[in-house]
Amino acid sequence: MAKVLIVGGGAAGLMAAGAAVRQGHEVTVLEHMEKPGQKILVTGKGRCNVTNDCTAEEFLRHVRTNPRFLFSSLGAFPPARTMELFEGLGVELKVERGRRVFPVSDRAEEIRQALLRYAEDARIVRDGAQKLLLEPLAPAEEAAPAVPENPRHPKKKKPGAACRCVGVRGTSGREYRADAVLVATGGLSYPTTGSTGDGYRIASKLGHTIVPTRASLVPLEAETDCARMQGLSLRNVGLTLFCGDRVLYREQGEMLFTHFGVSGPLVLSASAHLPEKVSSCRLEIDLKPGLTAEKLDERLLRDFSENINRDFTNALDALLPQKLIPVVIERSGIPARLKVNSIRREQRLALRDTIKRFAIRLTARRPVEEAIVTAGGVDVREVNPRTMESKIVSGLYFAGEILDLDACTGGYNLQIAWSTGYAAGRAIPEKEITE
């Protein structure tokens, strides 16, 4: 039995705690929030998109950053294992469009409670991590360098090199000793749930490289037309993200207009593909992806024939949502009070093109605090992909959002937390702490 200390009681931390307990270890979880697993409650709009019902191979195609790092952990704990685990814990699951998996109850709290049951033999202490406690490795324990060092250009030794992590000094001032320490403190998104970026600071002090963090899966700010349509939700629309003439992302699904721009599943997924300079990009929405341009023109002709003596502004009620109609009319260039029977062919085609390519010029990402996940983090090249153990500090592990891993929407990011947390919890070796 080993003494295991987990810093962070979120999805990855609690999964690791449950896995480590089942290995026979004595587990303590440090969580500075009043209740563990707070961020789970805001996932999937409060419904918790637990995972995606796909194979590991399909899953990796939706991982944006460092998918190959996940090959081992995802292979050992794929989405099917996640579903099996939660169903075994008494949660009835359902699969929705896009193979997104939710609890039948649509209550994220049910997932949080199940995860707490899974980790129920772990001791949860309300405390944070101020610093990690290290001690030198004995000479025989030092790993030989993978590549012989060049004596003319010796590598600068990292602060954590030839050290073992033996515990944590909490923010309370108390010291916790352990054989293994797992840092699963999350990223920077949703800081009110406890993700404050402390883990990056801790890892950096030990010599780990921190890939610059940024918002991923985040709403986007856009031109003022969007504010006029605030609250309008569109379903089954096509969305294409352009940077100049280059297509960066294309998908069909749901989106939402807000007071600042756009949000919703399609927009969040598109945001992960944005370059640093957002202002060079635009979205084009196909408001009728089920109709080809020719079929849409036929539909317009039919609708016009039924409203032939009406003003143009009153002829689109059957085709478009009310909040969208004034903006589409303005963009088409057709006078709103023009009689339908006076609309020329070229005007009708301009309307068709507006509907098929409704453009939105982007101006900025929303702040990282509003992002679903944080991109960037601990460089995975410095972490063992099978065990999640640091290659720099012995006995130190990482899991979840603190790692430089992020994926599209659809349950993929939460599955990364489950897989990496499980891998770390299972990998803790059986050894007794030396006092």
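How many salt bridges does the count come to? The count comes to 26, where a salt bridge is a side-chain nitrogen of Lys or Arg within 4 Å of a carboxyl oxygen of Asp or Glu. The model is predicted: local features need pLDDT of at least 70, side-chain atom pairs count only at pLDDT 80 or more, and totals for chains, interfaces and linings use all residues. Residues are numbered from 1 along each chain as its sequence is written, and side-chain values use heavy atoms, with hydrogens and water left out.

**First stop: helix H1**

Please select residues 11–21, which form helix H1. Helices (H or I, at least four residues) and strands (E, at least two) are DSSP runs, numbered from the N terminus. In H1, 11 of the 11 residues are buried, so the helix is largely enclosed by the rest of the structure. Buried means under 20% relative accessible area, exposed over 50%, and partly exposed in between (1.4 Å probe, protein chains only). Among the buried residues of H1 are Leu14, Met15 and Val21.

**Second stop: the sheet S3-S6-S5**

Next, display strands S3, S6 and S5, which form an open, antiparallel sheet of 3 strands in that order. S3 and S5 stand at the edges with a single partner strand each, so one side of each is left without a neighbour in the sheet. Two strands pair if DSSP finds at least two bridges between them; S3 and S6, which run antiparallel, are joined by 2 bridges. To view this pairing, select threonine 51, which stands opposite valine 101 in S6.

Now move to the loop between helix H4 (79–88) and strand S5 (93–95), where valine 91 is placed. Is valine 91 buried or exposed? At 2% relative accessibility, valine 91 counts as buried. Apart from neighbours within four places in sequence, valine 91 is in contact (heavy atoms within 4.5 Å) with Phe86, Pro103, Glu110, Ile111 and Ala114. For a distance across the model, select arginine 123 as well: its C-alpha atom is separated from that of valine 91 by 23 Å, and the two residues are 32 apart along the chain.

Select glutamate 96 and arginine 47, which form a salt bridge whose closest N and O atoms are 2.4 Å apart. Glutamate 96 lies in the loop between S5 and strand S6 (100–103), and arginine 47 in the loop between strand S2 (26–30) and strand S3 (51–52), so the pair ties together parts that are 49 residues apart in sequence. Glutamate 96 is partly exposed at 29%, and arginine 47 is partly exposed at 22%.

Then select aspartate 106 and lysine 94, whose salt bridge has its closest N and O atoms 2.9 Å apart. Aspartate 106 lies in the loop between S6 and helix H5 (108–118) and lysine 94 in strand S5, so this pair ties together parts that are 12 residues apart in sequence. Relative accessible area is 30% for aspartate 106, which is partly exposed.
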